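Visitor: I have not seen this one before. Could you walk me through it?

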Amino acid sequence: KDLEKKAISLFLDLSGKMFTFPKESDSDHVGLIPKGENYPSVTVCLRYFTDVKRAFSIFSMATPTSTNDFLLFKESNGDMELQVRYVGNTFTGLPDEQNMWMALCGSWDSVTGLSQVWINGKPSARKIGYTAGSVLNGKPIIILGQDQDSYGGHFDKGQSFIGQLTDVHMWNYVLSPCEIQRFTSDLNFTPGNVLNWRSLEYTINGHVVLENKQTPCQE
């Protein structure tokens, strides 16, 4: 609670920046303030870097009626889980590397109810998720670094993220495979209309560092 009181909302272009989560914690996190609510579909794309082998949360969105409204969660065996309104699918056989930047996208289509994830440009099988024709309604709380087990809190340090996160975007529609490929390759793509890394409102809570991305020297 004290950390929440000290958090200051900032609104910045974070191009070339990353959030570093340097330690296991049941409190350290970044809160992202989205544009609008009541999403007919969802796509989230981001990049993460870690050496953690246990399970951890990558992206957690909760609403008053669902703490797992849209959750991207890495399992200890390397599988990626995507939950929409508590309806989860596990995706196997996708790239899984430690100490390497991983480009992750997850989507849910309200028309078909299908969910899918992409890692480093490789698509998963498409699986049935939350009921088709529904909308993710309610005021969202979006958190990086922790898994929300209650609306905005009740974190478990055993599921916390340790490492770096960058280039977080969210759309209220399903991105085309071409757009996902452009994001993966860091080419010109349409930025998120719900969360846009180039114009992001956020709060840092606890020991999280905003710093420049580490990039190789240009010869």
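Guide: What follows is a short tour of a predicted model.

Visitor: Start with the sheet. Which order do the strands of the open sheet have?

Guide: The order of its eight strands is β1-β15-β3-β13-β5-β6-β7-β8, and the pairing is antiparallel.

Visitor: Which strands are at the edges?

Guide: The edge strands are β1, residues 10-12, and β8, residues 87-91; each of them pairs on one side only. On average, neighbouring strands in this sheet are turned by 25° against each other, direction ignored.

Visitor: How many bridges join β7 to β8?

Guide: Five, and the two strands run antiparallel. As one example, Met 80 has Phe 91 in β8 as its bridge partner.

Visitor: Pick a residue in β13. Is Leu 144 buried or exposed?

Guide: Leu 144 is in strand β13, residues 141-144. It counts as buried because its relative accessibility is 0%, under the 20% limit.

Visitor: What is Leu 144 in contact with?

Guide: Leaving aside neighbours within four places in sequence, Leu 144 is in contact with Phe 19, Phe 21, His 29, Val 30, Leu 32, Ile 58, Phe 59, Leu 165 and Val 168.

Visitor: Now β9. Are its residues buried or exposed?

Guide: Seven of the seven residues of β9 are buried. Both faces are covered: Met 102, Leu 104, Gly 106 and Trp 108 are on one side, with Ala 103, Cys 105 and Ser 107 on the other.

Visitor: Which strands is β9 joined to?

Guide: Seven bridges join β4 to β9, and five join β9 to β10. Both pairs run antiparallel. Arg 47 stands opposite Ala 103 in β9, while Gly 106 stands opposite Val 117 in β10.

Visitor: What lies between β9 and β10?

Guide: The two strands form a hairpin with five residues between them. Gly 113, in the turn, has a positive phi of about 80°. Asp 109 is also in that loop, between β9 (102-108) and β10 (114-119).

Visitor: What does the side chain of Asp 109 make a polar contact with?

Guide: With the side chain of Thr 112, at 3.5 Å. Beyond neighbours within four places in sequence, Asp 109 is in contact with Ser 41, Leu 114 and Val 174.

Visitor: You mentioned Arg 126. Which side chain makes a polar contact with it?

Guide: That of Gln 116, at 3.1 Å. Gln 116 is found in strand β10, and its side chain also reaches the backbone oxygen of Ser 124 at 2.9 Å. Gln 116 counts as buried because its relative accessibility is 8%, under the 20% limit. Not counting residues up to four places away in sequence, Gln 116 touches several residues, including Leu 82, Phe 91, Cys 105 and Pro 123.

Visitor: Change of topic. How many salt bridges are there?

Guide: The structure holds seven salt bridges. One of them is between Asp 167 and Arg 47, with the closest N and O atoms 2.7 Å apart. That pair links distant parts of the chain: Asp 167 is in strand β14 (residues 163-171) and Arg 47 in strand β4 (residues 42-49), 120 residues apart. Both residues are buried.

Visitor: What else does Asp 167 form a salt bridge with?

Guide: With Lys 213, where the closest N and O atoms are 3.4 Å apart. Lys 213 lies in the segment after β16 (209-212), so this pair ties together parts that are 46 residues apart in sequence. Asp 167 has 10% relative accessibility and counts as buried, whereas Lys 213, at 23%, counts as partly exposed.

Visitor: Which residues are linked in a network of salt bridges?

Guide: Arg 47, Asp 167, Asp 186 and Lys 213.

Visitor: And what about Arg 85, which residue does it form a salt bridge with?

Guide: Asp 69, with the closest N and O atoms 2.3 Å apart. Arg 85 lies in the loop between β7 and β8 and Asp 69 in strand β6 (residues 66-74), so the pair ties together parts 16 residues apart in sequence. Arg 85 is buried at 13% relative accessible area, and Asp 69 is buried at 0%.

Note on methods
Residues numbered from 1 in each chain as written. Predicted model: local features only at pLDDT ≥ 70, side-chain atom pairs only at ≥ 80, totals over all residues. Heavy atoms only, no water. Helix = DSSP H or I, 4+ residues; strand = E, 2+ residues; numbered from the N terminus. Polar contact = N/O pair within 3.5 Å; in protein donor to acceptor, adjacent residues only side chain to side chain. Contact = heavy atoms within 4.5 Å. Pairing = 2+ DSSP bridges. Axes fitted to C-alpha atoms, helices over the stretch in contact; angles between N-to-C directions. Buried < 20%, exposed > 50% of the residue type's maximum accessible area, 1.4 Å probe, protein only. Salt bridge = Lys/Arg side-chain N within 4 Å of Asp/Glu carboxyl O.
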